[in-house]
Amino acid sequence: MQELIKAIELAIEEERAGKERYRQYALSATMPEIKLMFEQLAQEEAAHEKRLVEKLQALKLIYLENYPGAQDGHQNDGGKQTNRGDDQTLV
């Protein structure tokens, strides 16, 4: 599950970068139809980002329900606490 969470976090970063790139292209475009195209592409990237953030939040909730100690950096593993090996907070 952690690999899926990390993959979605990476995808969110890529969507944000794409959104910013398209916004910059729109700002530098001189033709109105090209400017509009890049603005629309930026909006699509923003929509993708929003959907991914929603999926990520849902996955993190599921993960925390299954591994209640995960938020503290530990995974509940049959009564023994195991360090996850990173300091990311899952919320």
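Student: Why are α1 and α2 called roughly antiparallel to each other?

Tutor: In this predicted model, the axes of helix α1 (residues 2-28) and helix α2 (residues 32-66) cross at roughly 160°. Angles over 145 degrees count as roughly antiparallel, and α1 and α2 are therefore given that description.

Student: What else describes how α1 and α2 are placed?

Tutor: Their axes come within 8 Å, and α1 passes α2 in a left-handed crossing. The residues of this contact divide into 18 nonpolar, three polar and 10 charged.

Student: What makes Lys 60 and Glu 9 a salt bridge?

Tutor: The closest N and O atoms of Lys 60 and Glu 9 are 3.2 Å apart. The cut-off for a salt bridge is within 4 Å, so the pair of Lys 60 and Glu 9 meets it.

Student: Why is Glu 49 called buried and Arg 16 partly exposed?

Tutor: Glu 49 has a relative accessible area of 11%. Buried means under 20%, so Glu 49 is buried. Arg 16 stands at 42% relative accessibility. Partly exposed is the range between buried, under 20%, and exposed, over 50%, so Arg 16 counts as partly exposed.

Student: What makes Arg 16, Lys 19 and Glu 49 one network?

Tutor: Lys 19 also forms a salt bridge with Glu 49, with the closest N and O atoms 2.8 Å apart. Lys 19 is in helix α1 and Glu 49 in helix α2, so the pair ties together parts that are 30 residues apart in sequence. Salt bridges that share partners join Arg 16, Lys 19 and Glu 49. Both Lys 19 and Glu 49 are buried.

Student: How do you know whether Leu 36 is buried, partly exposed or exposed?

Tutor: Leu 36, in helix α2, has a relative accessible area of 43%. The limits are under 20% for buried and over 50% for exposed, so Leu 36 is partly exposed. Leu 36 and Ala 26 are 10 residues apart in sequence, and their C-alpha atoms are 7.1 Å apart in space.

Note on methods:
Residues numbered from 1 in each chain as written. Predicted model: local features only at pLDDT ≥ 70, side-chain atom pairs only at ≥ 80, totals over all residues. Heavy atoms only, no water. Axes fitted to C-alpha atoms, helices over the stretch in contact; angles between N-to-C directions. Helix = DSSP H or I, 4+ residues; strand = E, 2+ residues; numbered from the N terminus. Parallel < 35°, antiparallel > 145°, perpendicular 65-115°, else oblique. Left-handed = near helix turned anticlockwise from the far one by under 90°. Nonpolar A, V, L, I, M, F, W, Y, C, P; charged D, E, K, R; others polar. Buried < 20%, exposed > 50% of the residue type's maximum accessible area, 1.4 Å probe, protein only. Salt bridge = Lys/Arg side-chain N within 4 Å of Asp/Glu carboxyl O.
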